[in-house]
Amino acid sequence: MNLPDGRLLKSRVVSDPRYPLAEALDRNLTGYAVLEPQETLLLEGEGRGVVTFRDGVPDLTYATGTERGGPAALGDLAMPGPYHVELYELPDDAFDALDDAAAFRVPPGMPAERLAGDPALAASTRRAAPDARVDAGTGSGDASDGDSDGAESRAPEDRSAVEAFLDDEEKIEAIREQARREAEARAEEWGFD
Amino acid sequence: MVEAFAVASGKGGTGKTTSTLALGMALAESHDVTVVDADTGMANLLFHAGLSEAETTLHDVLSGDATVEESCYERFGMTVVPCGTSLDGFRDADPARLREVVAELAADTDVILLDSAAALSSRSAILPVVLADRVVVVLQPTIPSLSDGIKVQEYASSYGTGVAGLVFNKVRDDDAIGRIAEKSERYFDGPTLATVPASEAAREARRAGRPLLAHAPDSDAAAAFEDAAAAIDVRDGGSEAVADRFRSAVIPDPP
């Protein structure tokens with residue numbers, strides 16, 4: 001996916017991928033976020049993910065490590081933080097030239113659900129999305145107006161993403177290793193004596 | 001006998017407090033159970049247990065203004081120690097005193113359930129996992145929840161805390177939960193205790209300020225929590241030994 005260079009708005013380390021999604025929605029951003037998990041080894045080499053936004057609503061996603069786009073890329077990017085996040089702004093017509101975009105497209109609420117695990121943010125995002133995009137999400141389980149209890153229905157591809165995640169032993173081992181290092185560092189830092 | 005469990009999830013919204021009270025009520029059928037809201041920064045157990053007007057809470061105990069006994073309420077067949085929700089209360093509370101509180105409670109109960117914070121980012125959030133004998137990990141069948149649940153387990157085992165098992169909560173028919181639970185178990189040191197169906201009853205119970213097992217005892221969700229509790233084999237820790245351990249709460253050196 002070739003994106004034009006945007007104007008950098010924010011660059012920071014955050015603990016949760018919810019931040020760029022909520023920030024883009026608040027700003028009504030047209031542009032993109034680049035997410036780089038601190039443990040980039042989890043994404044096999046150059047592990048960054050891109051989420052594009054139109055008027056604050058996620059549109060396309062891509063994971064550089066696995067070179068996958070769309071919902072599969074969200075599965076690749078779903079991992080514990082911290083993340084380094086950069087938020088870029090683009091002119092409104094910047095995406096018009098992307099004619100191969102369909103393969104990268106995700107339903108509006110899916111990044112908030114899969115990356116941030118935040119059904120409330122997903123619901124707000126769907127409310128902000130143009131009707132055409134929400135309708136297009138029907139059948140992928142994303143059009144329902146979920147609530148904070150996460151009781152909305154999920155799509156078959158979402159289920160298989162969970163199973164694919166659980167099948168990725170290398171990624172899970174990396175998550176465990178990172179958590180163990182954190183736990184030990186914190187025990188020292190907070191002196192659980 | 002005493003065994004302390006931290007009910008933890010790493011991520012918010014999994015229904016941890018509902019699970020804590022449901023497991024507590026189910027275990028209370030055969031044990032003397034004390035439930036503590038150890039989520040001192042974002043307490044909500046009091047709302048689930050009809051204690052929103054409680055005058056004395058864990059905050060008062062942690063700030064040295066009340067005795068443990070004064071913060072105990074007999075509700076739904078259990079002893080419930082709610083935590084307050086004010087910022088002042090949180091600011092004045094010394095989380096390190098939680099171990100003293102748990103040690104004192106341990107002298108007089110069979111099972112202690114610590115409703116833990118939905119985070120692993122602060123000393124007070126991690127302390128319940130450190131103090132407990134074992135954790136019950138509450139999960140939803142989603143990638144963020146599973147990933148955070150795996151983190152909780154690694155924290156627990158780093159601190160010498162075992163895993164009693166997994167509760168998959170808010171499960172819908174279409175979640176392929178059988179396969180997901182089976183795959184998940186490869187990464188956890190404990191079994192799946194139950195899969196609890198998504199339930200309007202849980203939300204209604206919360207609104208009514210009553211635990212699920214009191215509000216809708218005949219619901220499928222309540223039955224699943226009963227199964228989960230039955231699958232937990234409570235161990236005899238010996239109350240003095242447990243109390244001593246809580247008082248010292250030594251973290252083993254990393255291997």
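Two residues are in contact if their C-beta atoms, placed from the backbone, lie within 7 Å. In chain A, residues 24 or more positions apart account for 67% of the contacts with a separation of 6 or more.

What you see is a predicted model, in which local features need pLDDT of at least 70, side-chain atom pairs count only at pLDDT 80 or more, and totals for chains, interfaces and linings use all residues. Residues are numbered from 1 along each chain as its sequence is written, while chains are lettered from A and ligands numbered from 1 in the order in which they are written.

Here are the two chains. A residue is buried if 20 or more other C-beta atoms lie within 10 Å of its own, exposed if 12 or fewer, and partly exposed in between, with C-beta atoms placed from the backbone. Helices (H or I, at least four residues) and strands (E, at least two) are DSSP runs, numbered from the N terminus.

| Chain | Elements | Buried residues |
|---|---|---|
| Chain A | seven helices, six strands | 48% of 193 residues |
| Chain B | twelve helices, eight strands | 57% of 255 residues |

How confident is the predictor about chain A? Its pLDDT (the predictor's confidence in each residue, from 0 to 100) averages 79, and 79% of the residues score at least 70. Over residues 138-153 of chain A, pLDDT stays under 50.

Now look at chain B. Eight strands of chain B form an open sheet with mixed pairing, in the order β3-β4-β2-β5-β1-β6-β7-β8. Its edge strands, β3 (73-75) and β8 (192-197) of chain B, each pair on one side only; two strands pair if DSSP finds at least two bridges between them. Within the sheet, β1 (residues 3-8) and β6 (residues 134-139) of chain B pair in the parallel sense over four bridges. Val7(B) has Val136(B) in β6(B) as its bridge partner.

Finally, the core. A nonpolar core is a set of buried Ala, Val, Leu, Ile, Met, Phe, Trp, Tyr and Cys residues joined through C-beta atoms within 7 Å. Which residues touch the most other members of the largest one? They are Leu114(B), Val129(B), Val135(B) and Phe225(B), in a core of 131 residues. Not counting residues up to four places away in sequence, Leu114(B) touches several residues, including Phe5(B), Val36(B) and Leu131(B). In soluble globular proteins, nonpolar side chains tend to be buried together.
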